[in-house]
Number of protein chains: 2
Amino acid sequence: MGVTKTALFKKKQNRIATLAKAFDHPARVAIIEYLLRHETCICNDLVNEFPLSQSTITQHLKELKRIGIIKGEVEGPKVNYCIDEKVWEETKGIFNQLFTQYVSKNDCC
Amino acid sequence: MGVTKTALFKKKQNRIATLAKAFDHPARVAIIEYLLRHETCICNDLVNEFPLSQSTITQHLKELKRIGIIKGEVEGPKVNYCIDEKVWEETKGIFNQLFTQYVSKNDCC
DNA sequence: TTAACCTATCGTAATATTGCGTTATAGCAA
DNA sequence: TTGCTATAACGCAATATTACGATAGGTTAA
């Protein structure tokens with residue numbers, strides 16, 4: 001159906017799925033990496049940086065903002081975007097917790 | 001278009017995007033968590049565990065296998081699935097590297 | 001005011017994803 | 001052989017995503 005049965009899963013599983021969406025498209029990874037590299041927040045240098053149209057970039061920014069991992073602040077005619085520290089730390093924590101759950105099994109399959 | 005312009009991005013960005021897809025759907029998160037909990041690999045206890053049809057579960061397993069984060073081993077009529085340690089460690093590493101790149105900026109926006 | 005911007009939104013087209021029912025297919029047991 | 005179980009594959013329908021051009025709104029500078 002193209003529709004995810006969110007209600008069938010635990011809150012945390014849905015949260016992980018939502019946060020993972022910040023990284024599941026190379027353009028969004030590129031945007032996040034750009035934000036990590038630049039101490040100053042940005043606006044649409046991204047349009048000049050990446051070979052994607054302005055509307056496509058805006059759409060990805062909107063998605064990242066919906067997820068919460070970035071936030072934007074209007075500054076005159078521009079919007080400065082930056083990583084939302086709180087959500088970033090949440091993401092880091094929730095994935096670290098997941099990653100460290102794995103213990104090597106002696107050649108299970 | 002629904003088509004991601006993979007060629008426009010760096011190899012690593014595409015790799016991150018691919019690996020993130022293992023976690024961008026709650027059902028896949030649930031399957032992975034199941035595999036983390038159970039030392040023994042599994043087959044389709046998942047069908048009994050989750051309120052999704054067999055064909056849907058199989059599809060998610062296929063996607064996880066395509067990504068590489070799990071692997072399956074035919075054992076008679078069943079298939080035992082388990083986390084692929086190598087890819088798991090790669091994922092852990094690549095995300096850790098990303099997460100630790102963030103340094104708190106004093107109130108950037 | 002006008003002109004030059006930066007952004008967001010809208011509409012459209014193409015493709016991808018999700019989910020399921022329904023079939024194959026394969027192994028094992030009786 | 002037959003029957004049972006476990007998987008995989010196929011096809012369909014509904015929805016989501018990706019990308020873009022065109023448009024519109026808001027802000028600053030001239």
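Which residues in H1(B) meet which residues in H5(B)? In this predicted model, local features require pLDDT of at least 70 and side-chain atom pairs count only at pLDDT 80 or more, whereas totals for chains, interfaces and linings use all residues. Residues are numbered from 1 along each chain as its sequence is written, chains are lettered from A and ligands numbered from 1 in the order in which they are written, and side-chain values use heavy atoms, with hydrogens and water left out.

On the H1(B) side, the contact (heavy atoms within 4.5 Å) comprises Lys12(B), Arg15(B), Ile16(B), Leu19(B) and Ala20(B), which meet Val87(B), Glu90(B), Thr91(B), Ile94(B), Phe95(B) and Gln97(B) in H5(B). These residues divide into six nonpolar, two polar and three charged; Ala, Val, Leu, Ile, Met, Phe, Trp, Tyr, Cys and Pro count as nonpolar, Asp, Glu, Lys and Arg as charged, and the others, Gly among them, as polar. Helices are DSSP runs (H or I, at least four residues), numbered from the N terminus. The axes of H1(B) and helix H5 (residues 85-99) of chain B come within 11 Å and cross at roughly 115°; axes are lines fitted to C-alpha atoms, for helices over the stretch in contact, and angles run from 0 to 180 degrees between N-to-C directions. The crossing is left-handed, a term that applies if the near helix is turned anticlockwise from the far one by less than a right angle, with right-handed denoting clockwise.

In chain A, Glu90(A) forms a salt bridge with Arg15(A), the closest N and O atoms being 2.7 Å apart. Because Glu90(A) lies in helix H5 (residues 85-99) of chain A and Arg15(A) in helix H1 (residues 11-20) of chain A, the pair ties together parts that are 75 residues apart in sequence. Over all chains, the structure holds 10 salt bridges, defined by a side-chain nitrogen of Lys or Arg within 4 Å of a carboxyl oxygen of Asp or Glu. Between chain B and chain A the count is zero.

Across the interface, 47 residues of chain B are in contact with 47 residues of chain A. The buried area is about 4500 Å², of which carbon and sulfur atoms give 70%; this is the accessible area (1.4 Å probe) that two parts lose on being put together, summed over both. Helix H2 (residues 26-37) of chain A and helix H1 (residues 11-20) of chain B have axes that come within 8 Å and cross at roughly 115°, in a right-handed crossing.

Methods:
Helix = DSSP H or I, 4+ residues; strand = E, 2+ residues; numbered from the N terminus.
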